[in-house]
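Subject: A structure for you to explore

Hello! Here is the structure I promised to pass on to you. Have a look around in it first, and then read my notes below.

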Amino acid sequence: MTQRVLTGITTTGTLHLGNFVGAIRPAIAASQEIGVESFFFMADYHALIKCDEPERIARSRLEIAATWLAAGLDTSRVTFYRQSDIPEIPELTWLLTCVTSKGQMNRAHAYKAATDANTAAGEDVDAGITMGLYSYPILMAADILIFNAHRVPVGRDQVQHIEMARDVAQRFNHQFGGGQDFFVLPEANVEDDVALLPGLDGRKMSKSYDNSIPLFEGGAKALKEAIARIVTDSKLPGEPKDPEGQALVTIYDAFATPQQRADFRAALRAGLAWGEAKHQLFELIEAQIGPMRARYAELMAHPERLEAILQEGAAKARRLAGPLLARAREAVGLRSFVASAAAPQAGHAKAAKPALPVFKQYREADGQFYFKLNAVDGTLLLQSQGFAEGRAAGQWVARLKREGAAALAELPQQADLAADPAVLNAALSALQQAEAG
Ligand code: TRP
């Protein structure tokens with residue numbers, strides 16, 4: 001089965017080399033694997049939580065989109081979009097919000113960090129904290145669940161959010177899935193060896209530490225200047241140097257082949273001057289980043305091309321998000337008054353397929369699980385007995401779809417054949433044909 005891989009980048013700033021090595025490059029590499037279907041997006045709704053400068057948000061989403069493409073993303077293989085172009089995401093966010101416990105959100109790292117800082121400063125615990133920050137993990141869960149992603153490559157700081165997405169998915173599955181797994185439970189992928197590119201001072205490369213190396217901004221000149229500022233020890237040219245634990249060497253590793261890594265270490269042990277080592281590091285990175293920077297400049301000069309690519313990406317994403325949201329709405333009871341799930345509400349899944357009879361699974365007050373089959377016009381065709389397990393009801397539905405009327409004979413006796421057998425048989429064979437595709 002294909003694995004769906006999904007990740008987003010919050011569009012609040014300009015990307016640095018650490019974002020490239022830790023997020024963009026591995027994501028693009030993963031998208032080229034066979035059997036992987038990738039979803040990459042600009043998390044611009046998340047950006048609104050952290051930033052109230054419209055110009056900065058606008059600029060950042062443009063830059064980040066251009067960066068993905070300049071780095072070699074092939075949009076014919078992946079689904080590439082802006083979060084805010086997918087209205088199904090905030091709509092699902094609300095459905096998920098209604099099954100998320102407040103206590104769990106109280107424990108989210110980002111929120112706790114903010115309340116801890118307030119407490120330490122002697123302020124009201126929630127001073128300056130928006131509902132956006134508080135609900136951040138639910139929006140993120142919707143990002144992931146709307147596409148039923150299996151794997152989510154993220155930095156270590158985001159792992160808790162993926163766990164929360166799993167919990168929310170599980171709760172929804174339990175309450176509304178009728179024993180079936182409505183949502184896939186996503187897993188975080190943390191790539192330890194690449195996730196933490198050190199910055200100029202050896203700490204994790206981060207905008208907030210002011211220790212980052214720009215990716216494209218400022219051109220080759222800025223790259224060279226930043227590399228010149230990488231902190232090393234004070235060993236003189238000719239003195240043997242210990243390469244291990246040096247930020248310079250770790251950054252070199254991120255761009256080098258195993259042979260280059262070994263040669264670089266040997267040269268440092270043999271006394272290579274730090275100045276010369278920095279020059280080699282610059283040459284190595286520039287050879288890879290330089291051509292991307294040229295593509296980036298070209299794209300930034302043509303925002304209309306980016307817009308067209310992203311509009312296409314949004315349409316592709318919505319073809320999946322629409323039907324899933326329609327099912328989620330059905331599941332929670334937001335249904336058409338004319339009982340036919342095969343004709344989803346306007347605005348969702350507009351596929352012009354012929355309407356089909358519809359199976360519905362649900363739970364009654366007696367705690368048992370049931371299913372029924374409705375004709376396109378809503379007439380009841382078949383009403384099942386109660387099952388103790390939701391799964392059993394689900395299995396019957398799956399079997400009736402697969403085998404059609406042939407499976408009817410084996411259906412437990414109590415089932416109520418509400419319709420003329422010929423009508424029922426015709427409905428089942430229509431479904432069977434649709435199922436066989
Ligand atoms: N919160 C993530 C970050 O700040 C960005 C993000 C938003 C994301 N939605 C996502 C990442 C869904 C992975 C999946 O890094």
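This is a predicted model: local features need pLDDT of at least 70, side-chain atom pairs count only at pLDDT 80 or more; totals for chains, interfaces and linings use all residues.

L15 sits in the loop between β1 and α1 (17-31); helices (H or I, at least four residues) and strands (E, at least two) are DSSP runs, numbered from the N terminus. L15 counts as buried, because its relative accessibility is 9%; buried means under 20% relative accessible area, exposed over 50%, and partly exposed in between (1.4 Å probe, protein chains only). Not counting residues up to four places away in sequence, L15 touches I9, I24, I64, T67 and L215, where contact means heavy atoms within 4.5 Å.

Residues are numbered from 1 along each chain as its sequence is written, and side-chain values use heavy atoms, with hydrogens and water left out.

**The whole protein**

The C-alpha trace spans about 95 × 50 × 40 Å along its principal axes. The secondary structure comes to 16 helices and 9 strands. Of the 437 residues, 46% count as buried. The protein is divided into domain 1 (3-191 + 302-329), domain 2 (216-299) and domain 3 (358-436); these bounds come from an automatic or database domain assignment. Taken over C-alpha atoms, the centres of domain 1 and domain 3 are 37 Å apart. Among contacts between residues at least 6 apart in sequence, 69% join residues at least 24 apart. The protein exposes about 21,200 Å², and carbon and sulfur atoms supply 54% of that; such areas come from the Shrake-Rupley method with a 1.4 Å probe, and for residues only the protein chains shown count as cover.

**The nonpolar cores**

A nonpolar core is a set of buried Ala, Val, Leu, Ile, Met, Phe, Trp, Tyr and Cys residues joined through side-chain atoms within 4.5 Å. Which residues touch the most other members of the largest core? They are L17, W68 and F80, out of 54 residues in that core. Helix α13 (residues 274-300) gives the most to this core, with 11 residues. Domain 1 and domain 2 each supply at least three residues to this core. A second, separate core has 46 residues, including F39, M105, Y136 and F172.

**Around the ligand**

There are 15 residues surrounding the ligand, and the closest are T10, H46, Y136, D143 and Q158; a residue counts as near if one of its heavy atoms lies within 4 Å. An N or O atom in the side chain of Y136 is 2.5 Å from a nitrogen atom of the ligand. For D143, a polar side-chain atom lies 2.7 Å from a nitrogen atom of the ligand, and for T10 a polar side-chain atom lies 3.1 Å from an oxygen atom of the ligand. Taken alone, the ligand exposes 370 Å², of which the protein buries 90%. The elements giving two or more residues to the shell are β1 (3-10), β2 (36-43), α2 (44-50) and α7 (131-145).

**Two buried polar residues**

R82 belongs to strand β3 (residues 78-82) and is buried, with a relative accessible area of 8%. Its side chain makes a polar contact of 2.8 Å with the side chain of D85; a polar contact is a pair of N or O atoms within 3.5 Å, and within protein one must be able to donate a hydrogen and the other to accept it, with residues adjacent in sequence counting only if both atoms are side-chain atoms.

S206 is in the loop between α9 (192-195) and α10 (219-228). S206 is buried too, at a relative accessible area of 14%. A polar contact of 2.7 Å joins the side chains of S206 and S208.

**Two backbone angles to check**

Most residues other than glycine have a negative phi. N148, in the loop between α7 and β4 (151-153), has a positive phi near 45°. D210 has a positive phi of about 55° and is found in the loop between α9 and α10. Is each one buried or exposed? N148 counts as buried at 14% relative accessibility, whereas D210 counts as exposed at 64%.

Enjoy exploring!
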